[in-house]
Amino acid sequence: FNLLVGAPLTPAPSLTDRRTGRYPPLATLVLRSLMGSLERDEIVAECEAQLVALLEAGISVTHIDSHRHTHALPGIHGAVALVAARRGLPLRRPVESMRWFPGHVASQVHRALIAWAWRLTSAGVPATRAADHFIGVSMQGGDRFAARFSAVLDALPAGTTELMVHPGHADDALRTVDAYTWQRERELAALLSRPVGERLRRGDFALIGFAAL
């Protein structure tokens with residue numbers, strides 16, 4: 001679910017810059033969410049419209065998450081959970097254990113803020129399916145990704161775990177909307193590497209999709 005890049009598919013004044021009709025920066029969205037100035041019905045309509053656009057493009061939707069975890073924010077969490085519950089889709093629960101790589105302070109702060117927002121906004125939210133655990137922010141970091149990803153695979157907790165990764169190729173279009181660029185290429189190389197492939201096939205865990213939750 002995208003609330004940060006480009007423009008919405010629906011009329012959504014509370015989600016846009018009124019001068020341009022495009023989404024505002026993350027800081028502005030966060031401020032609006034904390035001030036209670038986001039319109040729930042607009043968020044529901046936009047989430048539904050994005051799902052319909054994906055389905056019409058022939059893309060099978062397996063679950064809902066959001067760019068930069070914006071679905072954890074006040075005023076957004078409940079609206080997106082409502083759509084997920086209506087459609088029977090799992091919704092990412094972006095609460096990540098602080099035990100992963102405790103020396104990475106920036107990552108710890110990032111994880112703590114997301115977890116705080118999620119727990120703050122969870123009361124009264126429609127029930128949705130999710131993996132038992134989520135690991136993603138703590139693995140980010142470009143050249144550190146391969147080692148961290150391997151360490152996570154060797155220490156997965158019991159139950160189901162969603163692993164968030166960002167493989168891709170950096171081009172000019174990406175650079176205009178996201179600072180996480182060359183790091184995506186490092187992640188892609190690591191995920192396609194022979195050691196990771198062999199580790200995934202070792203047999204001590206199973207790779208599943210969201211339909212199996």
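Phe101 is partly exposed, with a relative accessible area of 21%, where buried means under 20%, exposed over 50% and partly exposed in between, for a 1.4 Å probe and protein chains only. Phe101 belongs to the loop between H3 and H4; helices (H or I, at least four residues) and strands (E, at least two) are DSSP runs numbered from the N terminus. Although not a glycine, Phe101 has a positive phi of about 50 degrees. Most residues other than glycine have a negative phi. His69 also has a positive value, with phi near 55 degrees, and lies in the loop between H2 and H3. At 7% relative accessibility, His69 counts as buried.

The model is predicted: local features need pLDDT of at least 70, side-chain atom pairs count only at pLDDT 80 or more, and totals for chains, interfaces and linings use all residues. Residues are numbered from 1 along each chain as its sequence is written, and side-chain values use heavy atoms, with hydrogens and water left out.

The axes of H2 and H3 come within 8 Å and cross at roughly 45 degrees; axes are lines fitted to C-alpha atoms, for helices over the stretch in contact, and angles run from 0 to 180 degrees between N-to-C directions. That angle makes H2 oblique to H3, a term for angles that are not under 35 degrees (roughly parallel), over 145 (roughly antiparallel) or 65 to 115 (roughly perpendicular). Residues in contact (heavy atoms within 4.5 Å) include Ile43, Cys47 and Leu51 of H2 and Val80, Leu82 and Val83 of H3.

The largest nonpolar core has 28 residues, and Ile43, Ile76 and Val80 are among those with the most contacts inside it. Such a core is a set of buried Ala, Val, Leu, Ile, Met, Phe, Trp, Tyr and Cys residues joined through side-chain atoms within 4.5 Å. Helices H2 (40-56), H3 (77-87) and H4 (105-120) each give two or more residues to this core, and H3 gives the most, with five. Apart from this core lies another, of 10 residues, among them Ile135, Phe149, Val196 and Phe205.

Phe149 is also one of the buried residues of helix H5 (residues 145-153), together with Phe145, Arg148, Val152 and Leu153. These residues cover an arc of only 135 degrees around the axis, which puts them on the same side of H5; the arc is that of the directions from the helix axis to the C-beta atoms. What covers them includes strands S1 (133-135) and S2 (161-163) and helices H7 (182-191) and H8 (194-200).
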